[in-house]
Amino acid sequence: VSIENARLYREAITDGLTQLYDHNYIAKRLADELEKARRCKRPLSLLMMDIDHFKQFNDMYGHQLGDVVLKAVAGIIMSSARRGIDVPARYGGEEFALIVPQFWSESPTVQKDHRQDTLAIAERIREHVAARKIAQGDKEIGITISIGVAFFDGFSDGLSSHDVIEQADKALYRAKMEGRNRVCIYAADTQEKSN
């Protein structure tokens with residue numbers, strides 16, 4: 001009974017197509033991770049990702065091939081994330097999210113710069129998606145992804161999970177406006193561009 005309940009729970013929080021967590025789960029998990037980061041005074045990041053020109057792709061090649069793209073991107077996100085640490089999700093449609101908590105260890109030699117680690121993950125995802133080709137008959141179709149990154153420093157009391165999502169969304173919007181296939185970072189006064 002316990003195994004069956006665990007299986008049913010996993011199905012309830014998982015997107016059926018991509019096998020990533022779903023929107024409802026990631027929203028709750030982000031709130032939990034943010035509270036944990038605040039309590040432990042450790043940084044946390046959120047990546048919001050959107051497949052570029054996905055509507056046009058679906059219109060041109062059909063939803064079946066669109067599903068192939070969604071599964072391919074989900075696989076890249078899973079393989080680029082740190083297993084057991086980062087939390088990947090299909091946020092909705094062609095949009096994905098990745099919660100990146102700070103990796104913590106008792107060993108000072110293991111401690112790394114959270115910001116740089118997060119940007120390395122984001123760039124790895126962007127590069128692998130851009131390198132991926134989708135077979136369509138006798139040709140291969142390229143895809144790209146835009147990524148917005150928001151950082152929580154571990155100390156800001158007034159910041160909610162909704163605020164972090166909004167910041168990552170604003171950075172994602174900027175990545176789209178600046179030409180797509182890039183990583184942009186949210187900053188309060190000015191937004192930085194990683195790529």
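**Close-up 1. Helix α3 and its packing partners.** The buried residues of α3 pack against β1 (44–51), α4 (63–80) and β5 (139–142). Buried here means under 20% relative accessible area, and exposed means over 50%, with partly exposed in between (1.4 Å probe, protein chains only). Helices (H or I, at least four residues) and strands (E, at least two) are DSSP runs, numbered from the N terminus. Keep in mind that this is a predicted model: local features need pLDDT of at least 70, side-chain atom pairs count only at pLDDT 80 or more, and totals for chains, interfaces and linings use all residues. Residues are numbered from 1 along each chain as its sequence is written, and side-chain values use heavy atoms, leaving out hydrogens and water.

Close-up 2. Helix α3 runs over residues 54–61, and its buried residues include Phe 54, Phe 57 and Asn 58. They sit on the same side of α3 because they cover an arc of only 95° around the axis, taken from the directions from the helix axis to the C-beta atoms.

**Close-up 3. Just past the end of α3.** Here Gly 62 takes a positive phi of about 95°.

**Close-up 4. Stepping back to the chain.** Six helices and eight strands make up the list of elements, in the order α-α-β-α-α-β-β-α-β-β-β-α-β-β. Of the 195 residues, 47% count as buried. The C-alpha trace spans about 55 × 50 × 30 Å along its principal axes.

Key
Contact means heavy atoms within 4.5 Å.
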